[in-house]
Amino acid sequence: MWQCPLCQHALDTRSSSWRCVNNHSFDQAKSGYVNLLPVQNKRSKQPGDDKPMLIARRNFHQARGYEPLMQNLHKLIKSHLNGDKTAYTVYEAGCGEGAYLDFVTRALCQDGYDIKAFGSDIAKAGVEMAAKKYKNAQFVVGSNFDLPVAAHTLDVVMQIFAPGNHIEYARVLTKQGMLVTVDPGPNHLCELKALVYTKPELHNAPQLLPDPWCLDEEQRVHFNVDLSADTLKQGLLNMTPYTWKLTKEKYEDIMQHLDTVTADFIIRVWRPQ
């Protein structure tokens, strides 16, 4: 399934050093992940989210802040699976610290499906965190705009709050495969934004994908997140870009006054035609 990011030939992954026919090699780290992001493809020394933000995200997810979203994501994917097939490859492009991929994979396995799970992210720190915690999936460092994945090998690709390349997703999906995208809905975190900005604006609706994509289904999921627990509140504030440039006084003011937020998401299922 994995392909060399330098020459696009298949990688032999049977040892701790993945290698292609052109003898390009990529060593597996102690935690199990492999770095398939060539240095020349990096736009910065440490691309992607930094470690403090990833730790905040993990703390928030472990406190079950967005669990209703994860539950809806699982149910929607399950409803679109082929009833005659039980084995699937599930991939998250832009997996971060791995919480969504793990939740969906475990839920589908509990439903009786045989799931092989894979994830990639441009942030090495996130991939390392995911690989250390979630041993039932294979994680790599890689870009959503140049996936290190062979053509037509994936049944399900998830893109959750991450940028991506719809052409790449069409390339890697099987003929009956599906792309599942999750984007913020109009009112996402509106209470937080009202405390941060003088004139907060609603999120714009995510754009439709161009041909060859066909929209199979769209769901809007919204719920309130109780922030009475400091773990949840700190996790949310530290993982969202709205608070990155706040003064210490403003941050503490929000910590004191923000008791609940609206979580609002748009989930879409796409099929390549």
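This is a predicted model: local features need pLDDT of at least 70, side-chain atom pairs count only at pLDDT 80 or more; totals for chains, interfaces and linings use all residues.
## Helix 1 and helix 4

Let's start with helix 1 (51–62) and helix 4 (residues 124–133). Their axes come within 9 Å and cross at roughly 40°, which makes helix 1 oblique to helix 4. The crossing is right-handed.

On the helix 1 side, the residues involved are Lys 51, Leu 54, Ile 55, Arg 58 and Gln 62. They meet Ala 125, Gly 126, Met 129, Ala 130 and Lys 133 of helix 4. Sorted by class, this contact has 5 nonpolar, 2 polar and 3 charged residues.

## Helix 2 against helix 3

Helix 2 (residues 67–79) and helix 3 (residues 99–110) have axes that come within 9 Å, crossing at roughly 50°. That puts helix 2 oblique to helix 3, and helix 2 passes helix 3 in a right-handed crossing. Helix 2 brings Glu 67, Leu 69, Met 70, Gln 71, Leu 73, His 74, Ile 77 and Lys 78 to the contact, while helix 3 brings Ala 99, Tyr 100, Phe 103, Val 104, Ala 107 and Leu 108. The tally for the contact of helix 2 with helix 3 is 10 nonpolar, 2 polar and 2 charged.

If you look along these helices, keep in mind that an α-helix has 3.6 residues a turn, so residues three or four places apart point the same way.

## Helix 7 and its surroundings

Helix 7 (residues 230–239) packs with helix 8 (residues 248–257) at an angle of about 140°, and their axes are 10 Å apart. The two are therefore oblique to each other, since the cut-off for roughly antiparallel is over 145 degrees. Here too the crossing is right-handed. Asp 230, Lys 233, Gln 234, Leu 237 and Asn 238 of helix 7 make the contact with Tyr 251, Ile 254 and Met 255 of helix 8. By class, the residues of this contact divide into 4 nonpolar, 2 polar and 2 charged.

Which residues of helix 7 are buried? They are Leu 232, Lys 233, Gly 235, Leu 236, Leu 237 and Met 239. Note that Lys 233 is on that list, and that Lys 233 and Leu 237 also take part in the contact with helix 8. The buried residues of helix 7 pack against helix 1, helix 6 (190–196), strand 9, helix 8 and strand 10.

## Aromatic pairs

Searching the whole structure turns up 11 aromatic pairs. In one of them, the rings of Phe 60 and Tyr 66 have centres 4.8 Å apart and planes at 80°, so this is an edge-to-face pair. Phe 60 counts as buried, at 0% relative accessibility, and Tyr 66 counts as buried at 4%.

Phe 223 and Phe 265 make another pair, this one tilted, with 6.0 Å centre to centre and 40° between the planes. Phe 223 sits in strand 9 (residues 213–226) and Phe 265 in strand 10 (residues 260–272), so the pair ties together parts that are 42 residues apart in sequence. Both phenylalanines, Phe 223 and Phe 265, are buried. Ring pairs also link Phe 60, Tyr 66, Tyr 100, Phe 161, Phe 223 and Phe 265 into a cluster.

Most residues other than glycine have a negative phi, and most peptide bonds are trans. Phe 161, a member of the aromatic cluster, has a positive phi near 55°. Phe 161 is in the loop between strand 7 (154–160) and helix 5 (166–172), and is partly exposed, with a relative accessible area of 36%. Arg 64 has a positive phi as well, near 70°. You'll find Arg 64 in the loop between helix 1 and helix 2, where Arg 64 is exposed, at 57% relative accessible area.

Then there's a cis peptide bond between Asp 211 and Pro 212, with omega about 15°. Pro 212 belongs to the loop between helix 6 and strand 9.

## A buried aspartate

Is Asp 264 buried or exposed? Asp 264 counts as buried, at 1% relative accessibility, and lies in strand 10. Setting aside neighbours within four places in sequence, Asp 264 is in contact with Asp 183, Pro 184, Gly 185, Pro 186, Asn 187, His 188, Arg 220, Val 221 and His 222.

Key:
Residues are numbered from 1 along each chain as its sequence is written. Side-chain values use heavy atoms; hydrogens and water are left out. Axes are lines fitted to C-alpha atoms, for helices over the stretch in contact, and angles run from 0 to 180 degrees between N-to-C directions. Helices (H or I, at least four residues) and strands (E, at least two) are DSSP runs, numbered from the N terminus. Angles under 35 degrees count as roughly parallel, over 145 as roughly antiparallel, 65 to 115 as roughly perpendicular and the rest as oblique. A crossing is left-handed if the near helix is turned anticlockwise from the far one by less than a right angle, and right-handed if clockwise. Contact means heavy atoms within 4.5 Å. Ala, Val, Leu, Ile, Met, Phe, Trp, Tyr, Cys and Pro count as nonpolar, Asp, Glu, Lys and Arg as charged, and the others, Gly among them, as polar. Rings of Phe, Tyr and Trp (its six-membered ring) pair if their centres lie within 6.5 Å; planes under 30 degrees apart count as stacked, over 60 as edge-to-face and the rest as tilted. Buried means under 20% relative accessible area, exposed over 50%, partly exposed in between (1.4 Å probe, protein chains only).
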